[in-house]
Amino acid sequence: QVQLVESGGGLVQAGGSLRLSCAASGRTFSGDPMGWFRQVPGKEREFVAAISWNLSGSSTYYVDAMKGRFTVYRDNTENMVYLQMTGLKPEDTCVYYCAAHYRGSVYQPTSYNYWGRGTQVTVSS
């Protein structure tokens, strides 16, 4: 019954922007970190961003390659998590996945136990 469904992918020109959405159903994930990963055929799944929640607010996680271009945020009321992408480059062309964290490092895909089916992002030069 638990589902994560991504949307918002598409084809954009280099330098453009997209906002990806992830809708969660089946249970509330407000108490769990949520992550975004991306993957192309033949390559390992790559961490993009994550966001966690606690009593003092939210914390976000990025890597240097994407920090400043990508922003993750969430709407717990709607059980949604978003990835705002700007300054897109052809190398950002991937299938993007959202995931719910279970245990371990938020940077590792093995730390997540629920995954969406992905949404395709294609950036043309």
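Let me begin with Phe 29, which sits in the loop between β3 and β4, where strands are DSSP runs of E with at least two residues, numbered from the N terminus. What we are looking at is a predicted model, in which local features need pLDDT of at least 70 and side-chain atom pairs count only at pLDDT 80 or more, while totals for chains, interfaces and linings use all residues. Residues are numbered from 1 along each chain as its sequence is written, and side-chain values use heavy atoms, with hydrogens and water left out.

Is Phe 29 buried or exposed? Phe 29 counts as buried because its relative accessibility is 1%, and buried here means under 20% relative accessible area, exposed means over 50%, and partly exposed lies in between, for a 1.4 Å probe and protein chains only. Phe 29 and Val 5 are 24 residues apart in sequence, and their C-alpha atoms are 13 Å apart in space.

A cavity is a set of points, on a 1 Å grid over the protein atoms alone, where a 1.4 Å probe fits but cannot get out, and lining residues have an atom within 4 Å of a point. Grid points are joined across faces, edges and corners, and the volume is the space filled by probe spheres set on the points. By this rule there is one cavity of 30 Å³ or more, and the largest cavity has a volume of about 60 Å³. Its lining includes Phe 29, Cys 22, Met 34 and Arg 74, and the lining residues divide into six nonpolar, two polar and one charged. In that division, Ala, Val, Leu, Ile, Met, Phe, Trp, Tyr, Cys and Pro count as nonpolar, Asp, Glu, Lys and Arg as charged, and the others, Gly among them, as polar. The strands β3 (18-25) and β8 (80-85) each supply at least two residues of this lining.

Those two strands also belong to a sheet. Four strands form an open, antiparallel sheet in the order β1-β3-β8-β7, where two strands pair if DSSP finds at least two bridges between them. The edge strands, each pairing on one side only, are β1 (3-7) and β7 (70-75). Between β7 and β8, which run antiparallel, there are six bridges, and Phe 70 stands opposite Met 85 in β8.

Finally, the aromatic rings. Rings of Phe, Tyr and Trp (its six-membered ring) pair if their centres lie within 6.5 Å, and planes under 30 degrees apart count as stacked, over 60 as edge-to-face and the rest as tilted. A search of the whole structure finds eight aromatic pairs. One of them is the edge-to-face pair of Phe 37 and Tyr 112, with 5.0 Å centre to centre and 80° between the planes. This pair links distant parts of the chain, since Phe 37 in β4 and Tyr 112 in β10 are 75 residues apart. Both of these residues, Phe 37 and Tyr 112, are buried. Tyr 61 and Tyr 107 are edge-to-face because their ring centres are 6.2 Å apart and their planes lie at 90°.

Key: On a 1 Å grid over the protein atoms alone, a cavity is a set of points where a 1.4 Å probe fits but cannot get out, and a pocket is an open set with protein on both sides within 12 Å along at least five of seven lines; lining residues have an atom within 4 Å of a point.
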